[in-house]
Amino acid sequence: MPKKELIYLDHAGTTPLSPGVLEAMLPYFTEAFGNPSAIYDLGQRARQAMEEARHTVARCIGAQANEIYFTGSGTESDNWAIKGAAALGAARGKTKVITASIEHHGVLNACESLKKTGTQVKHLPVDDTGLVAPAELARQLSADTALVSVMMANNEVGTIEPVGALAQLCREAGVLFHTDAVQAVGHLPIDMAALPADLLSMSAHKCGGPKGVGALFIRSGVPLPKWMDGGAQERGKRGGTENVAQIVGFAKALSIACEEMEAERVRLTALRDRLTAGLLALGGCVFNGHRTARLPGHVNVSFSGVSGEGLLVLLNLQGVCASGGAACASGDSKPSHVLQAMGRPLAAGAVRFTLGKTSRAADVEALLALLPKLLKRLRGMSAGS
Ligand code: PLP
């Protein structure tokens, strides 16, 4: 049987390394393998690369280098931000955390675990496009609020949240604001000099970098408690020898993504809109998310009379990689908490296609040509069962 060509439509799940990223990382596994805390030249070469990477990441989001702390993932950054800010608040008698019902589990479960220590967690609702309303946040903010955490862009439906307005409300109320920008970094312009957020989570593997490395932006002057006891790494806030090669790869990928951002935004928006129109033209298909306030590569639709998971299995057999929602939820057949919070019908038939740097018009056309046959087969199966 001829080998099927891979059609990768899960860039929100993870991305392939951008060209040049692996090459930038390799020396830190081989001749420049030194420990960045060591005093000799070999260690100092690693330290210099890491500090350059910190400056690059900072520049890409309009921050200062001393506001960037490297972590092991976006999930770790979320946990540090939320648990740290909650601890800070608790010490000041503030015991309420507000988040959105459509957050990634990195945020939702970090909040859930805070409940065990007496924190009150409030989940903001969203409308049927996935948007949080600033007026609703204004209603919920109170003197005992320690933190508000609302994501910059949703991973399942791609809806871009009004974080500028939400962060401003928090600034005025003297409440810390965190945003999970894992899906946004490298895809949307971010300027921490203009955005009044205190904490922002990032992850490398959603923008052409390696897995297992992320960063937390902590605004200068925010006394977030240290996250990991240990050595003096990350200015004493996160002990543990730094993952130099991954950090270098993160910075390289992010700088490429930021350089190409506008051209990619235009290219991907056109592809995304063609895919959306093509899917809806198939019939028996509804669109999930916001039509315009949406990440350039995101398309989430629900098919009637079809299980999303069943369709993903058939797509996989045809060499198509797509997802049913959050990557970490695949294999978990519960309907998406995001689509449920949005009150979307047919959540069980939802499929997420996410385009990225490697996506071409031919991928979109091949998918659209393939789907009628697969949908017919699945609908035939469910009619016969
Ligand atoms: N936050 C969002 C919005 C995400 O989409 C993801 C990954 O899917 C994460 C956090 C977790 O990032 P990581 O995979 O680096 O732990």
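**Note on the ligand site and the aromatic pairs**

1. The side chain of Ser203 has an N or O atom 2.6 Å from an oxygen atom of the ligand, a polar contact in the sense of a pair of N or O atoms within 3.5 Å. The protein buries 89% of the 390 Å² that the ligand exposes when taken alone (accessible areas by the Shrake-Rupley method, 1.4 Å probe).

2. This is a predicted model, in which local features need pLDDT of at least 70 and side-chain atom pairs count only at pLDDT 80 or more, while totals for chains, interfaces and linings use all residues. Residues are numbered from 1 along each chain as its sequence is written, and side-chain values use heavy atoms, with hydrogens and water left out.

3. A side-chain N or O atom of Lys206 is 2.7 Å from a ligand oxygen atom. For Gly74 a backbone N or O atom is involved, at 2.8 Å from an oxygen atom of the ligand.

4. Around the ligand there are 13 residues, of which Gly74, Thr75, Asp180, Ser203 and Lys206 come nearest (near: a heavy atom within 4 Å). By class the shell holds 8 polar, 3 charged and 2 nonpolar residues; Gly is counted as polar here. Helix α3 supplies the largest share of the shell, 3 residues.

5. The model has 3 aromatic pairs (Phe, Tyr or Trp rings, the six-membered one for Trp, with centres within 6.5 Å; planes under 30 degrees apart are stacked, over 60 edge-to-face, the rest tilted). Tyr69 and Trp80 pair edge-to-face, at 5.7 Å centre to centre and 80° between the planes. Because Tyr69 is in strand β2 (residues 68–71) and Trp80 in helix α3 (residues 74–91), this pair ties together parts 11 residues apart in sequence (DSSP runs: helices H or I of at least four residues, strands E of at least two, numbered from the N terminus).

6. Both Tyr69 and Trp80 are buried (under 20% relative accessible area; exposed is over 50%, partly exposed in between; 1.4 Å probe, protein chains only). Ring pairs join Tyr69, Trp80 and Trp227 into a cluster. Arg235 lies over the face of Tyr69, 4.1 Å from the ring centre (NZ of Lys or CZ of Arg within 6 Å of the centre and within 35 degrees of the ring normal).

7. Phe70 and Phe250 also pair edge-to-face, 6.3 Å centre to centre with 75° between the planes. Phe70 lies in strand β2 and Phe250 in helix α7 (residues 244–281), so parts 180 residues apart in sequence are tied together. Phe70 counts as buried at 2% relative accessibility, and Phe250 at 0%.

Technical notes: Polar contact = N/O pair within 3.5 Å; in protein donor to acceptor, adjacent residues only side chain to side chain.
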